[in-house]
Amino acid sequence: MHLLERVVKRGFHMLSAPSRTTDKTQTQIGSDRPKLLEVNKWSTSKYLLKLVQVVGVGPYPLDELMLMAAAFEYHRPEIVIDIGTHVGKSARIWFELSKQLQIPVKIHTIDLCDPSHVEYPGRHLGHYIRGLPVEQHIGDGATVARSIIGASPMACFVLFLDGDHSYETVRRELQLCQIIKRGCVLVHDTFYQPGSKYNHGPYLAIQDSLSNLPVKQVVHLQTGLPGMSYLGLD
Ligand SMILES: C[S@@+](CC[C@H](N)C(=O)[O-])C[C@H]1O[C@@H](n2cnc3c(N)ncnc32)[C@H](O)[C@@H]1O
């Protein structure tokens, strides 16, 4: 075959078939998977448009959606536990990511559904996940999550904390890291800036818990509020 012919054939192949190497790099699987989470912003940006079309940018702004997507893509969880269902946006995000990345996952979402709670969603509870394969639980997040983890102790989990943002509750929820063997925890509302009136409970709960937890990586989004933090487990 002439050199020119070979070059043309090779060029056509590159145009017509997506490269396996590129796909592997983008989804961070196989031997390319880094030891720690590296938020690949080229890769995760691809999912953002769809997520924003479905859930908007509140309560999770773009950089937080990006961290959620990156953690999901990196860990490829078998089970997601979403504490604080409210209208169901975060649960819907896990569902959309599972669909887009073709990662089959069981999604649980938990809410107190307590009318005396300031964020009681009333009849809008779980609005964004109606009719979707997401299991809704009513109860205290840490208690229900403990029994879900206990039933599948070897599974890979994404545990998402967005319930009561008090220091005490987040510390209690973070103790779940002790029984999760693989996966990560994401905590919402972790903005921290001394002097700010913003609630620092979740951030301080992380700082005060870390020394007793099997956490191998911490990523705090430092771009502003409301803030999100990632804790990578083994
Ligand atoms: C900020 S909202 C969560 C937003 C939700 N993730 C979404 O995407 O729509 C907080 C929710 O957590 C619930 N909540 C508060 N304390 C809780 C607890 N201990 N266990 C489970 N849910 C709780 C509240 O009822 C409220 O609906």
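Analyst: Helices (H or I, at least four residues) and strands (E, at least two) are DSSP runs, numbered from the N terminus. Residues are numbered from 1 along each chain as its sequence is written. The model is predicted, so local features need pLDDT of at least 70 and side-chain atom pairs count only at pLDDT 80 or more, while totals for chains, interfaces and linings use all residues.

User: How many helices and strands does the protein have?

Analyst: The protein has eight helices and seven strands.

User: How should I read the sheet, and what is the order of its strands?

Analyst: Strands of a sheet pair through backbone hydrogen bonds, either parallel or antiparallel. Two strands count as paired here if DSSP finds at least two bridges between them. The seven strands form an open sheet with mixed pairing, in the order β3-β2-β1-β4-β5-β7-β6. Direction ignored, neighbouring strands are turned by 15° against each other on average.

User: Which strands pair in the parallel sense, and which in the antiparallel sense?

Analyst: Strand β7 pairs in the antiparallel sense with β5 (residues 182–188) over five bridges, and Leu186 has Tyr230 of β7 as its bridge partner. Strand β7 also pairs in the antiparallel sense with β6 (residues 215–220), again over five bridges. There His220 stands opposite Ser229 of β7.

User: Is β7 enclosed or open, and how is burial judged?

Analyst: A residue is buried if 20 or more other C-beta atoms lie within 10 Å of its own, exposed if 12 or fewer, and partly exposed in between, with C-beta atoms placed from the backbone. In β7 (residues 228–233), five of the six residues are buried, so the strand is largely enclosed by the rest of the structure. Over the protein, buried residues make up 37% of the 234 residues.

User: How do I describe two packed helices, and at what angle do α3 and α4 pack?

Analyst: Two packed helices are described by the angle between their axes and the distance between the axes. Axes are lines fitted to C-alpha atoms, for helices over the stretch in contact, and angles run from 0 to 180 degrees between N-to-C directions. Helix α3 (residues 41–55) and helix α4 (residues 62–75) pack at about 115°, with axes 9 Å apart. Residues are in contact if their C-beta atoms, placed from the backbone, lie within 7 Å. The contact residues include Tyr47, Leu48 and Leu51 of α3, and Leu65, Met66 and Ala69 of α4.

User: What does α4 lie across?

Analyst: Helix α4 lies across β4, β5 and β7, running at about 170° to β5.

User: Where is Leu101, and what is Leu101 in contact with?

Analyst: Leu101 is in helix α5. Leu101 has 17 other C-beta atoms within 10 Å and is therefore partly exposed. Leaving aside neighbours within four places in sequence, Leu101 is in contact with Phe72 and Glu73. Phe72 is 29 residues from Leu101 along the chain, and their C-alpha atoms are separated by 9.0 Å.

User: Which residues are closest to the ligand?

Analyst: A residue is near the molecule if its C-beta atom, placed from the backbone, lies within 6 Å of it. The ligand is surrounded by 21 residues, the closest being Gly84, Lys89, Gly141, Gly163 and Asp164. Two or more residues of the shell come from each of α5 (89–101) and β2 (106–111).

Methods. Contact = placed C-beta atoms within 7 Å.
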